[in-house]
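Please have the sequence and the model at hand.

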Amino acid sequence: MLILRNIAHLVVNAHTVLENVDLLVEDGHILDIGRRLKAPPDAETLDCAGCAVLPGFVNAHTHLYQTLLAGRRDDLPLSGWCDRILVPCINALYAEPDQAKRERRAYVWTAVGICEMLRSGVTTFLDMDLNYGQDGMFQAANDANIRGYFGVELADRFLPDDETGLAQDFREIDRLLAAHPGNCVLTPSEPNLCSDEALRRTAELIKQSAPFLQIHVDETAAEAKQCISERGCTELELLDRFGFLTPWFSAVHGVHLSEREIRLAALYGVTVVFNPKSNAKLGSGVCPVPALREAGIHLALATDGPASNDRLDLFEEMRAGVLTQKSATKDASSLTAQDVFHMATRGGARMLMLDAGKLKKGSLADFSVVPLNKARFSFGTGDTIATLVYCA
């Protein structure tokens, strides 16, 4: 049992903050919240005087192998960036035939990313990664005691379907779904990079195992146009043909969603994952968050990979997200600190159907503690959520 005493500001959710309370944890869940709670003498105690306690952040989309590529090039759009930054790294990694070395490398890059995420209050993440050393990735998450969800990034169009292609990917996915049924997700890369066969086989796996499904959608204007010209429909319309659009589906980026796609996403309860810094660095555009919110679409927040973001910090992502929206819309009220805080917490937890992203009795005890003894907090936290989003 664990008890947090004297919490100065306990953030229940994006709209409710309690002052000067205790929080009691047992068996990974919140047992009680209140003032001067009673606890067994042997309970572990953490004094949180002068601290804020907030729900754990959910990094709803990343590529942890890209911890190898942080701090590279800031002058390329997505297509050129993939060709010049990602592909050479991936080719070099796949040149290693020794599976034990692959597992070790994957463990290390995952552990490095997890360390950074934990330091910024992330307690859950979804990683779209290489078919390289998946067991090492799952092991790193287990060792860190963080909620990690992993998928193999499927892509077979414009790539050879040989032993390193689609057939091998699906064999590995079958194995991972059996070995990690609660934490393996399906992650086709992007509709333009996936053949109808790849999408059909993914649809079959959904029917068999019902895992979460996440795909990049309309990240760039070029991708959106390519799908229409080559497949005769928008990306979400294509995915709808395969039965992908459900509340278990998340569309990453959505920068160039059409009005029809927005209506589809709202109809099926799809989550759109907002990646403000990655979209900004690659010059992809700004996600139409106000239009999505007006349509009633669920939103989660994510860093994307370290190669297109350079950091895995959800505090920084919240701040960048709310500021870019205000700038793009020329409307200071278009997105608030409370809105983006909800995306970083409850929005991501809802995407993964977790009873988390909030601090309430009975919920998962996923939280972080933020000391407020820093210069930036010196004059108080009259608005705790805004202070955390803009200053933490």
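The structure holds zero disulfides, a disulfide being a pair of cysteine sulfur atoms within 2.5 Å. The model is predicted: local features need pLDDT of at least 70, side-chain atom pairs count only at pLDDT 80 or more, and totals for chains, interfaces and linings use all residues. Residues are numbered from 1 along each chain as its sequence is written, and side-chain values use heavy atoms, with hydrogens and water left out.

C48 counts as buried because its relative accessibility is 0%; buried means under 20% relative accessible area, exposed over 50%, and partly exposed in between (1.4 Å probe, protein chains only). For C233 the closest cysteine sulfur belongs to C227, and 4.9 Å is again too far for a bond. C233 is buried as well, at 5% relative accessibility.

Next come the cores. A nonpolar core is a set of buried Ala, Val, Leu, Ile, Met, Phe, Trp, Tyr and Cys residues joined through side-chain atoms within 4.5 Å. The largest one has 89 residues, and F249 and F341 touch the most other members. Its largest share, seven residues, comes from helix α1 (residues 78-94); helices (H or I, at least four residues) and strands (E, at least two) are DSSP runs, numbered from the N terminus. A second, separate core of 16 residues includes Y149, V185, A300 and L352.

Helix α3 (residues 134-144) has as its buried residues Q134, G136, M137, F138, A140 and A141. Among the elements covering them are α2 (99-119), β7 (122-129), β8 (147-154) and α4 (166-179), where contact means heavy atoms within 4.5 Å. Just after α3, N145 has a positive phi of about 60°.
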